[in-house]
Amino acid sequence: MNDLDKLFEAARAVRERAYAPYSDFLVGAALRTPDGTVFTGCNVENASYPVSVCAEGGAVSAMVAAGYREIAEAVVIGDAALCTPCGMCRQRLKEFGMPELVVHVADLNGIRRSFTMDELLPAAFELEDKSNNRKD
Ligand SMILES: [Zn+2]
């Protein structure tokens, strides 16, 4: 199993843990750091809908909490034709994505499309110097 297959399987597995009683739309995300460490997240809904957290948000939080700051590759999986990250999550991924980050969008059968961050979020909002936010 190659790295991308492992990332897909991690996203598919965590998707099964999603808490989505309101939408019944389960999403999983898996992020790989440059050293090969994988972090995952699933969507967690709330009766107060805006409180809900996307799968990508959970994965990014887990990664940052573990001391990592860079995403080399990502898989997002949902049971939809094309479960691309929402606008907020595109910005989340951009913050920590390496320049060559590719975000693979999958359904339950496999990866459907792959996007660079420039394709997902052209002209992204960025402060000029992120060095204060990064861990060396
Ligand atoms: Zn999102």
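Which residues have the most contacts inside the largest nonpolar core? They are Leu-31, Ile-71, Leu-93, Val-103 and Met-117, in a core of 21 residues. A nonpolar core is a set of buried Ala, Val, Leu, Ile, Met, Phe, Trp, Tyr and Cys residues joined through side-chain atoms within 4.5 Å. Buried means under 20% relative accessible area, with a 1.4 Å probe and protein chains only.

This is a predicted model: local features need pLDDT of at least 70, side-chain atom pairs count only at pLDDT 80 or more, and totals for chains, interfaces and linings use all residues. Residues are numbered from 1 along each chain as its sequence is written, and side-chain values use heavy atoms, leaving out hydrogens and water.

Now the sheet. Five strands form it, in the order E2-E1-E3-E4-E5. The sheet is open and its pairing is mixed. Strands (E, at least two residues) and helices (H or I, at least four) are DSSP runs, numbered from the N terminus. Two strands pair if DSSP finds at least two bridges between them. The edge strands, E2 (38–42) and E5 (110–116), each pair on one side only. E1 (residues 27–32) runs antiparallel to E2, joined by five bridges. There, Ala-29 stands opposite Gly-41.

Helix H3 (residues 87–96) lies across E1, E3 (71–78) and E4 (97–107). Leu-93 is in contact (heavy atoms within 4.5 Å) with Leu-31, Ile-71, Val-103 and Met-117, among others beyond four places in sequence.

E1, H2 (55–65), E3, H3, E4 and H4 (117–120) each give two or more residues. H2 gives the most, with four. Apart from this core lies another, of seven residues, including Leu-7 and Ala-106.

How values were computed: Axes are lines fitted to C-alpha atoms, for helices over the stretch in contact, and angles run from 0 to 180 degrees between N-to-C directions. Buried means under 20% relative accessible area, exposed over 50%, partly exposed in between (1.4 Å probe, protein chains only).
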